[in-house]
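Hello,

Below is the structure I said I would pass on. My notes on it follow.

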Amino acid sequence: MKKGRIIKIISNQYTVSFEDEVVIAKPRGKLRMDKAPVVGDFVQVEQCEDAYRIHSIEKRKNRLLRPAIANVDQALIVTSLKDPDFSIHLLNRLIFLVSLADVEPIVIVTKQDLIEDLSSYEKELEWYKKAGYIVEMTYPGSNDENLKQILKNKVSVLCGQSGAGKSSLLNRLDPEFQLQTQEISKALGRGKHTTRYCQLHSVADGLVADTPGFSSLDFSRMDLSHLDSCIKDFQPYLHSCRFNDCRHIHEPDCAIREALGQGKINPSIYEDYVNIMKGDSL
Ligand SMILES: Nc1nc2c(ncn2[C@@H]2O[C@H](COP(=O)(O)OP(=O)(O)OP(=O)(O)O)[C@@H](O)[C@H]2O)c(=O)[nH]1
Ligand SMILES: [Mg+2]
Ligand SMILES: [Zn+2]
């Protein structure tokens with residue numbers, strides 16, 4: 001029995017990476033019934049003749065549902081300024097989803113080269129930096145040294161809309177990559193994602209999962225009771241509300257709403273928090 005990490009799954013073929021080799025394995029029948037392995041899982045693999053079988057999955061540190069991946073340190077939330085247009089609400093909701101899964105969100109902004117006047121975007125992004133989120137801009141020709149430092153020795157997953165530039169970013173960070181990318185008009189016109197499956201790649205001394213973009217987010221089955229404590233803007237004020245179980249919506253003496261009124265909290269994050277708590281989906 002040998003311990004490895006799943007780096008790619010295509011239908012029933014699981015690519016498992018060990019220190020010294022990479023093999024294709026299949027799960028034991030029983031294992032698939034119990035819970036399906038996902039990319040990023042550490043697995044025990046047994047070799048029987050020339051076939052490899054995944055025997056068991058090690059306990060996960062965390063797990064994202066979409067993209068389906070486990071044991072990641074951070075999620076790079078890739079948001080383009082144009083094609084597709086910048087959506088502050090999508091950004092906020094992705095920050096929520098990732099943080100709820102106990103994964104650190106990093107905001108990666110692409111396509112600034114397509115924008116003439118960046119000032120309104122910069123003003124908006126300033127809120128995130130002020131709250132403590134890392135925000136990095138990247139585009140063809142950008143200096144990506146900061147980003148490489150962020151990826152170093154970490155396991156990261158790329159999330160974001162189809163066409164935001166996730167695969168292009170990896171191709172740029174490592175010129176040896178030739179991941180397929182597609183013009184946005186064609187990608188959206190055909191209603192297909194260019195990247196079809198989730199796969200971990202070695203990039204900048206770390207591991208990064210490229211994933212297919214998505215078209216919708218779903219909060220309906222998530223436990224939102226601690227969403228407030230996942231939001232960096234809220235964290236300094238959480239223990240100052242009058243009620244311990246304050247939801248920060250209508251309660252009196254709410255420190256979060258007070259801070260909001262004083263301009264200390266990003267209004268769009270607060271707005272999305274309230275909408276999600278009231279049952280909105282995207
Ligand atoms: N001008 C400009 N174009 C970019 C930038 N990043 C990506 N693109 C273009 O945007 C298009 C979509 O990029 P992809 O990398 O395929 O997007 P993706 O996020 O991987 O999309 P899916 O795989 O469908 O989820 C391609 O034509 C890229 O060349 C950027 O920073 N500036
Ligand atoms: Mg892609
Ligand atoms: Zn409150």
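Helices (H or I, at least four residues) and strands (E, at least two) are DSSP runs, numbered from the N terminus. Residues are numbered from 1 along each chain as its sequence is written, and chains are lettered from A and ligands numbered from 1 in the order in which they are written.

Overall picture

The protein chain has 9 helices and 13 strands. Its radius of gyration (taken over C-alpha atoms) is 20 Å, close to the 19 Å that the globule rule (2.2 Å times the number of residues to the power 0.38) gives for 282 residues, so the chain is as compact as a globular protein of that length. Along the principal axes, the C-alpha atoms fill a box of roughly 70 × 45 × 35 Å. Of the 282 residues, 35% count as buried; a residue is buried if 20 or more other C-beta atoms lie within 10 Å of its own, exposed if 12 or fewer, and partly exposed in between, with C-beta atoms placed from the backbone.

Confidence

The average pLDDT of the protein chain is 90, and 93% of the residues score at least 70. Where pLDDT is low, the predicted coordinates should not be read in detail.

Domains

The domain assignment (automatic or from a database) gives domain 1 (2-57), domain 2 (63-210) and domain 3 (227-277). The centres of domain 1 and domain 2, taken over C-alpha atoms, are separated by 28 Å. In contact across that pair are 9 residues of domain 1 and 12 residues of domain 2, a contact being two residues whose C-beta atoms, placed from the backbone, lie within 7 Å. On the side of domain 1 that touches domain 2, β1 gives the most, with 4 residues.

Strand β1 and its partners

Two strands pair if DSSP finds at least two bridges between them. β1 (residues 2-10) runs antiparallel to β4 (residues 42-48), joined by 4 bridges, and R5 stands opposite F42 in β4. β1 is also antiparallel to β2 (residues 13-17), with 5 bridges; there I9 has Y14 as its bridge partner. β1 and β2 form a hairpin with 2 residues between them.

Backbone points to check

S11, in the turn of that hairpin, has a positive phi of about 40 degrees although it is not a glycine. S11 is exposed, because 6 other C-beta atoms lie within 10 Å. H248, in the loop between α7 (227-230) and α8, is likewise not a glycine and has a positive phi of about 65 degrees. H248 is buried, with 25 other C-beta atoms within 10 Å. A cis peptide bond joins D83 and P84, with omega about -5 degrees; P84 lies in the loop between β8 and α2 (88-100).

Helix α5 and D205

The buried residues of α5 (residues 166-173) are K166, S167, S168, L169 and L170. Their cover includes β8 (74-80), β9 (104-110), β10 (134-138), β11 (155-159), β12 and β13. D205 lies in the loop between β12 (199-203) and β13 (206-210). D205 is exposed, with 11 other C-beta atoms within 10 Å, and touches K152 and N153, not counting residues up to four places away in sequence.

Regards

Note on methods. Predicted model: local features only at pLDDT ≥ 70, side-chain atom pairs only at ≥ 80, totals over all residues. pLDDT = per-residue confidence, 0-100.
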